[in-house]
Amino acid sequence: MKSCAKWTDEAKEDFTFLILVNVIVGIVMCVVGYLAMDHIFAGMNLSLICSVMGGVLNMVLDYVFIAGFSMGISGAAIATGLGYSVTAVVGLFVFSRKKSLLHFKKPVFRFKVLASAATNGCSEMATALVTGIITMMFNWTMLHYVGENGVAAVTIIMYVLMFASSLYTGYSYGVAPMLSFYYGEQNHEKLKKLVALSMKVIAVISVVTVAASFMLTRPLVSVFARPDNPVYDLAVTGNMICTVALFFIGFNIFASGMFTALSNGVVSAILAFSRSFVFMLITMIVLPIILGVNGIWLATPAAELMALALSVFMFSKYRRRYGY
């Protein structure tokens with residue numbers, strides 16, 4: 001019992017320590033962001049409620065600061081910051097209550113815990129870092145093959161794919177704490193059931209999003225471009241081809257998130273980096289040379305399919321270790 005109590009206390013200490021580090025890093029990043037702003041622009045139910053409230057607050061404050069107070073880009077930045085702060089403020093209140101299963105306690109510095117947490121988040125960092133590079137490559141390739149109309153079409157397709165991908169990302173983030181809890185509890189039966197259920201949920205979402213994307217391609221594209229615009233036909237064709245990627249994206253996002261939840265940041269980073277950069281880089285270079293413009297549209301489905309093969313391999317390789 002003493003050993004169990006000791007582990008519980010250490011878990012609370014580590015949790016408080018990591019939250020404290022994140023708050024400090026957040027404050028530093030915020031200060032640096034505000035200091036650099038002028039130079040840059042010169043040339044679960046509670047979680048769901050907080051997220052929705054943050055988004056609504058962001059939209060309302062965008063209008064108030066930009067339209068009402070004429071604050072421009074600074075107003076938009078402040079509105080975004082205040083929108084994100086909703087979840088942070090509510091979290092501080094929730095985790096300050098000792099009745100909560102996980103709550104703040106006097107932190108103890110443990111470098112190993114900090115290093116493990118940082119390593120575990122490498123996949124998310126890798127995805128964020130390479131997204132800009134891949135977007136730039138898409139734009140450059142389209143500009144080379146089609147011109148400005150191609151860049152506009154790519155932008156439309158990215159909006160559609162980002163909207164669909166957010167469904168998988170939201171589910172993966174939502175189920176991650178449960179995966180971590182069951183694994184930490186060594187409850188392999190519930191872990192297996194949750195992983196199996198997640199696969200079914202993602203499969204259903206994949207079929208629904210693919211069907212919806214095919215049926216709503218023209219209405220979705222028409223939101224951004226008129227039918228008489230050359231961009232319209234280009235974007236319709238591109239969306240029809242890129243929609244195939246939605247069959248694979250959900251499983252790849254879940255695989256990376258699952259390994260993060262299981263505290264295997266290395267595998268998660270390999271999956272995320274390979275999917276969002278390595279495979280995309282290969283397909284973006286090879287396919288347009290062979291198939292022209294259609295090769296550009298096929299780059300995303302081909303990269304996601306390659307990433308799916310890697311995800312299946314990692315799933316099989318680590319199944320016995322984690323018992324899912």
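Is Phe273 buried, partly exposed or exposed? Select Phe273: its relative accessibility is 35%, so Phe273 counts as partly exposed. The scale behind these words is relative accessible area: buried is under 20%, exposed is over 50%, and partly exposed is in between, with a 1.4 Å probe and protein chains only.

Before going on, note that this is a predicted model, in which local features need pLDDT of at least 70 and side-chain atom pairs count only at pLDDT 80 or more, while totals for chains, interfaces and linings use all residues. Residues are numbered from 1 along each chain as its sequence is written, and side-chain values use heavy atoms, with hydrogens and water left out.

**Whole chain**

Show the chain as a cartoon. It has 13 helices and zero strands; both are DSSP runs numbered from the N terminus, helices being H or I with at least four residues and strands E with at least two. Of the 324 residues in the chain, 37% are buried. Now show the surface: the accessible area is about 19000 Å², and 72% of that belongs to carbon and sulfur atoms. Such areas come from the Shrake-Rupley method with a 1.4 Å probe, and for residues only the protein chains shown count as cover.

**Aromatic pairs**

The structure holds ten aromatic pairs. Rings of Phe, Tyr and Trp (its six-membered ring) pair if their centres lie within 6.5 Å; planes under 30 degrees apart are stacked, over 60 edge-to-face, and the rest tilted.

Select Phe259 and Tyr322. Their ring centres are 6.3 Å apart and their planes stand at 70 degrees, so this pair is edge-to-face. Phe259 belongs to helix α10 (residues 246–261) and Tyr322 to helix α13 (residues 319–322), so the pair ties together parts 63 residues apart in sequence. Phe259 is buried, at a relative accessible area of 0%, and Tyr322 is buried too, at 4%.

Next, select Tyr183, Phe259, Phe315, Tyr318, Tyr322 and Tyr324, which form one aromatic cluster.

**Two serines in loops**

Select Ser70, in the loop between α2 (45–68) and α3 (72–96). Ser70 is not a glycine, yet has a positive phi of about 50 degrees. Its relative accessibility is 61%, so Ser70 counts as exposed.

Finish at Ser263, in the loop between α10 and α11. Ser263 has a positive phi of about 65 degrees, although it is not a glycine. At 55% relative accessibility, Ser263 counts as exposed.
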